[in-house]
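Here is a short briefing on one protein chain. Look at the sequence and the model first, then read the points by topic.

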Amino acid sequence: MDRLAKIQQRIEPELAKMNAIIRESLSSDNELMDTVVSNYLLTKGKQIRPIMVILSAKFFGDVNQHVLHAGAALEMLHNASLIHDDVVDETALRRGNATVNNQWGNHIAVLVGDYFVANALAAGIRTGNLSIISSLSDLGKELSIGEVEQICNVRDHHLDESHYFSMIRKKTASLFRNCVKMGAEAVGVDRKKYEPLAQYAELLGMCFQIRDDIFDYFSNPLIGKPTGNDLREGKVTLPLLHAIHTAPEPISQSVKEMLMKGDLNEKEIGILIDFAKEYDGIEYAFSKMREMQSEAEKLLEIYPDSEWKETFLQLFDYIISRDK
């Protein structure tokens with residue numbers, strides 16, 4: 001049993017109740033919508049985000065219905081963003097299964113994503129907490145801006161770490177931060193008390209995205225996407241960014257010219273992957289994650305030791321060491 005499975009086991013009753021809320025919320029008397037949604041929910045993914053909502057509540061208090069609805073809202077909003085992303089990126093597989101757009105077409109996929117958003121807001125309203133509802137709204141904006149920033153980085157050929165980190169902070173880390181925020185606020189904890197844990201979650205979210213990006217440089221059937229997929233879409237992530245800025249100038253310049261040209265073929269993608277590995281891009285990305293983990297652990301020192309503090313620390317280890 002891996003680290004995540006052990007964490008899931010500790011909160012299995014709460015996760016089961018939250019998933020029941022998601023299924024009930026998304027239930028529809030429209031046969032097509034119900035079929036698409038039911039098929040989609042068969043593969044829930046890792047559910048790290050709602051796990052963090054529940055862990056945050058347990059960190060500060062006890063899980064109640066507001067926590068479960070907050071977790072359900074975040075998970076539905078997250079899945080809406082994935083469904084819409086798959087349309088934009090023309091993705092055929094997710095979690096090893098056909099995407100909604102691949103199976104049912106873009107029109108249905110966009111509408112299903114919208115349906116998830118609407119139900120996420122409805123679940124948020126059931127918490128009766130305006131701060132949680134506001135967080136969902138802010139999060140929707142951050143996720144959208146993060147995706148637009150990524151498109152701008154591709155279009156304008158931004159090849160520096162500052163643009164990359166700004167993008168993943170909005171696209172991924174903001175969601176992790178809000179998991180802690182909403183879990184804590186659902187049990188009545190004020191911002192001053194939960195802020196260090198929220199900062200911890202943001203760093204964890206940054207590492208989650210960096211680890212995801214590293215996967216693109218290796219063949220792994222567990223992930224359900226081909227090696228070099230990000231590069232096919234014009235996305236330049238941390239391992240390649242580091243290599244570009246550390247390789248000798250003539251080699252670095254030729255790589256930049258290849259990226260500027262766009263429409264990379266399979267041979268060029270292979271060259272870029274090998275280049276990132278040769279100039280220590282993978283090692284650098286792992287070192288950045290370990291730096292962030294060390295910074296994050298210091299943030300938790302103000303809190304007393306507990307089972308749930310230890311669980312958050314274990315979750316960070318899992319994020320960095322996971323293989324899918």
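Buried means under 20% relative accessible area, exposed means over 50%, and partly exposed lies in between (1.4 Å probe, protein chains only). This is a predicted model: local features need pLDDT of at least 70, side-chain atom pairs count only at pLDDT 80 or more, and totals for chains, interfaces and linings use all residues. Residues are numbered from 1 along each chain as its sequence is written, and side-chain values use heavy atoms, with hydrogens and water left out.

- Asp280 is partly exposed, because its relative accessibility is 42%.
- Asp280 sits in the loop between H14 and H15. Helices are DSSP runs (H or I, at least four residues), as strands are (E, at least two), and both are numbered from the N terminus.
- The phi angle of Asp280 is near 65°, a positive value in a residue other than glycine.
- Asp263 also has a positive phi, near 50°, and is likewise a residue other than glycine.
- The loop between H13 and H14 holds Asp263. Asp263 is exposed, with a relative accessible area of 79%.

- Two packed helices are described by the angle between their axes and the distance between the axes.
- Axes are lines fitted to C-alpha atoms, for helices over the stretch in contact, and angles run from 0 to 180 degrees between N-to-C directions.
- Helix H13 covers residues 249-261 and helix H14 covers residues 266-278. Their axes come within 11 Å and cross at roughly 140°.
- That angle makes H13 oblique to H14. Angles under 35 degrees count as roughly parallel, over 145 as roughly antiparallel, 65 to 115 as roughly perpendicular and the rest as oblique.
- The crossing of H13 and H14 is left-handed. In a left-handed crossing the near helix is turned anticlockwise from the far one by less than a right angle; clockwise makes it right-handed.
- On the H13 side, the contact (heavy atoms within 4.5 Å) is made by Ile251, Val255, Met258, Leu259 and Lys261. On the H14 side, Glu268, Ile271, Leu272 and Phe275 take part.
- The contact of H13 with H14 has 7 nonpolar, no polar and 2 charged residues. Ala, Val, Leu, Ile, Met, Phe, Trp, Tyr, Cys and Pro count as nonpolar, Asp, Glu, Lys and Arg as charged, and the others, Gly among them, as polar.

**Helices H10 and H15**

- The axes of H10 and helix H15 (residues 281-299) come within 9 Å and cross at roughly 165°.
- H10 and H15 are therefore roughly antiparallel to each other.
- H10 passes H15 in a left-handed crossing.
- Residues of H10 in this contact include Tyr200, Leu203, Cys207 and Ile210. Among those of H15 are Phe286, Met289 and Met292.
- The contact of H10 with H15 has 14 nonpolar, 1 polar and 3 charged residues.

**Aromatic pairs**

- A pair of aromatic rings is described by the distance of the centres and the angle of the planes.
- The whole structure holds 10 aromatic pairs. Rings of Phe, Tyr and Trp (its six-membered ring) pair if their centres lie within 6.5 Å; planes under 30 degrees apart count as stacked, over 60 as edge-to-face and the rest as tilted.
- Phe176 and Phe208 form a tilted pair, 5.3 Å centre to centre with 45° between the planes.
- This pair links distant parts of the chain: Phe176 is in helix H9 (residues 161-186), Phe208 is in helix H10 (residues 191-215), and they are 32 residues apart.
- Phe176 is buried, with a relative accessible area of 0%. Phe208 is buried too, at 6%.
- Phe275 and Tyr279 form a tilted pair, 5.3 Å centre to centre with 50° between the planes. Phe275 is buried at 6%, and Tyr279 is buried at 17%.
- One aromatic cluster is formed by Phe59, Phe60, Tyr200, Tyr303, Phe312 and Phe316.

- Leu204 is found in helix H10 and is buried, with a relative accessible area of 0%.
- Leaving aside neighbours within four places in sequence, Leu204 is in contact with Met52, Phe176, Leu315, Phe316 and Ile319.
- Gln47 lies in the loop between helix H3 (31-41) and helix H4 (48-60). Gln47 is buried, at 8% relative accessible area.
- Beyond its neighbours within four places in sequence, Gln47 is in contact with Leu15, Met18, Asn19 and Glu75.
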